[in-house]
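Welcome, and thanks for taking a look at this one.

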Amino acid sequence: MLKKSKPFMMCMALTAAVSLLAAGCSSSSSSSNGSTASSGEAKPVNLRLGHVFAANSVTDQASQKFAELVGQKTNGAVKISIFPASQIGGDEALGQNLSRGTLDMAFLNQGSLAGMDPLLDFSYLPYIAENNEQADQLFYGSGIIPATIKETLKKHNIHALGFYELEFRGLTNSKHTVKTPAEMKGLKLRVPGSRAIKGFFEAVESQAVSIPMPELYTSLQQGVVDGQDNGLIITYDNKLHETNKYVTRLNHVYASGTISISQKMWDSLTPEQQKAFEEAAKETQQWQITENRKLIDSYVQKMKNENIEVVDLSPEEIAAFKEIGRSLWDKFADVYGADRISKLREEIAALK
């Protein structure tokens, strides 16, 4: 046998080493691709959605419906888990976490976020809408209210996908029947963090106190406040009527909320996924508003069945409150902007 030269042997060794390295890389690549193939489709994107509404309330059902629609429209690529009843924070915390990008989504009551931006409670000016028909045009179309809400949330890294109804707000209290502005004098009332609502209650000489929603039941129970302003459905579902036996349907504010997603999460979605979210929000908005309005009369009866006094004000009685409420608008020009208020007045006038 011929003896191989030293250079020849070194060349053969180097060739073998390169071959082994190539085989190793090939094996690694095949393993990775095989893992993806064996696991089937990519794992879904898991999102968290929070809200303050009671479990199984109509708005909680709407959030579940939204999550289901998103799952269907993205073919399971996005999965949304719902956290109701302030489980991951009240509206203030939800808004802050959306803005920071540490929370993915919320059914958000932006009217409680005046601390973040005073324009977010622009829609809480007293007596904007008098009925559902007016509310539909002023709050859900392309008018100054939805435009302001969307633009303002956008400044705080929150993308508004759609809206939902919170209903007309009223007054509950533990002291006495309220039918006139004079009968509100001296009542200590919880209000959301809204300059407009706070200003209205102060104008009728009530003491307005801002308390986060998760703390409201205990505050009423312990007598920290005499009453609160909210809609009938929210009041009943959260058992706020248990210590507040007097309810007055003031209808001083029509409230809507926003189906919101953090801008950070929105930007991470594909265009196809974004379209799916928008479609799901539109369908959910329509469903929630319809179902919410079906419940109002039944909730009045539920309260009466529990010996709660529910007062529906006459047109003359409403007019006395409305006169006070509307007279405050110009005083908030430095908060909401004279141009916005003027535009809102034009839209209301056009309805008539």
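**Salt bridges**

Asp 312 has a relative accessible area of 48%, so this residue counts as partly exposed. Keep in mind that the model is a predicted one.

- Asp 312 and Arg 249 join their side chains in a salt bridge, at 3.1 Å from N to O. This pair ties together distant parts of the chain, with Asp 312 in strand S11 (residues 309-312) and Arg 249 in strand S9 (residues 246-249), 63 residues apart.
- Asp 229 makes a salt bridge to Arg 169, with 2.8 Å between the closest N and O atoms. Here too the link is between distant parts of the chain: Asp 229 belongs to strand S8, while Arg 169 sits in the loop between S4 and strand S5 (170-173), 60 residues away. Both Asp 229 and Arg 169 are buried.
- Lys 294 and Glu 291 meet through their side chains in a salt bridge of 3.0 Å, N to O. These two residues lie 3 places apart in helix H10, so about one helical turn separates them. Lys 294 counts as exposed because its relative accessibility is 56%, whereas Glu 291, with a relative accessible area of 23%, is partly exposed.

- An open sheet of 5 strands runs in the order S2-S1-S3-S10-S4, and its pairing is mixed. The edges are strand S2 (78-83) and strand S4 (158-168); each has a single partner strand, so one side of each has no neighbour in the sheet. On average, neighbouring strands of this sheet are turned by 20 degrees against each other, direction ignored.
- Helix H2 (residues 58-73) packs on the sheet, where it touches S1, S2, S3, S4 and strand S10 (254-262), and its direction makes about 170 degrees with that of S2.
- Helix H10 (residues 271-305) also lies across S1, S2, S3, S4 and S10, at about 5 degrees to S4.
- Strand S1 (residues 45-50) pairs with strand S3 (residues 105-108) in the parallel sense, over 2 bridges. Within these strands, Gly 50 is found opposite Ala 106 of S3.

**Around Gln 228**

- Gln 228 is part of strand S8, and this residue counts as buried because its relative accessibility is 0%.
- Its side chain has polar contacts with the side chains of Asn 230, at 2.9 Å, and of Thr 235, at 3.2 Å.
- Leaving aside residues up to four places away in sequence, Gln 228 touches several others, including Leu 171, Thr 172, Leu 189, Arg 190 and Leu 240.

**Helix H6**

- In helix H6 (residues 195-203), the buried residues include Ile 197, Phe 200 and Phe 201. The buried residues of H6 pack against strands S6 (188-191), S7 (207-210) and S8 (227-230), and against helices H11 (315-327) and H12 (333-336).
- Ser 194 caps the N-terminal end of H6, with a side-chain oxygen 3.3 Å from the backbone nitrogen of Ala 196.
- Glu 205 follows H6 and has a positive phi, near 65 degrees.

**Helices H5 and H13**

- Helix H5 (residues 144-155) packs with helix H13 (residues 338-351) at an angle of about 145 degrees, and their axes are 10 Å apart.
- Ile 144, Ile 145 and Thr 148 of H5 meet Arg 340, Lys 343, Leu 344 and Glu 347 of H13. By class, this contact has 3 nonpolar, 1 polar and 3 charged residues.

How values were computed: Residues numbered from 1 in each chain as written. Predicted model: local features only at pLDDT ≥ 70, side-chain atom pairs only at ≥ 80, totals over all residues. Heavy atoms only, no water. Pairing = 2+ DSSP bridges. Helix = DSSP H or I, 4+ residues; strand = E, 2+ residues; numbered from the N terminus. Axes fitted to C-alpha atoms, helices over the stretch in contact; angles between N-to-C directions. Contact = heavy atoms within 4.5 Å. Buried < 20%, exposed > 50% of the residue type's maximum accessible area, 1.4 Å probe, protein only. Polar contact = N/O pair within 3.5 Å; in protein donor to acceptor, adjacent residues only side chain to side chain. Nonpolar A, V, L, I, M, F, W, Y, C, P; charged D, E, K, R; others polar. Salt bridge = Lys/Arg side-chain N within 4 Å of Asp/Glu carboxyl O.
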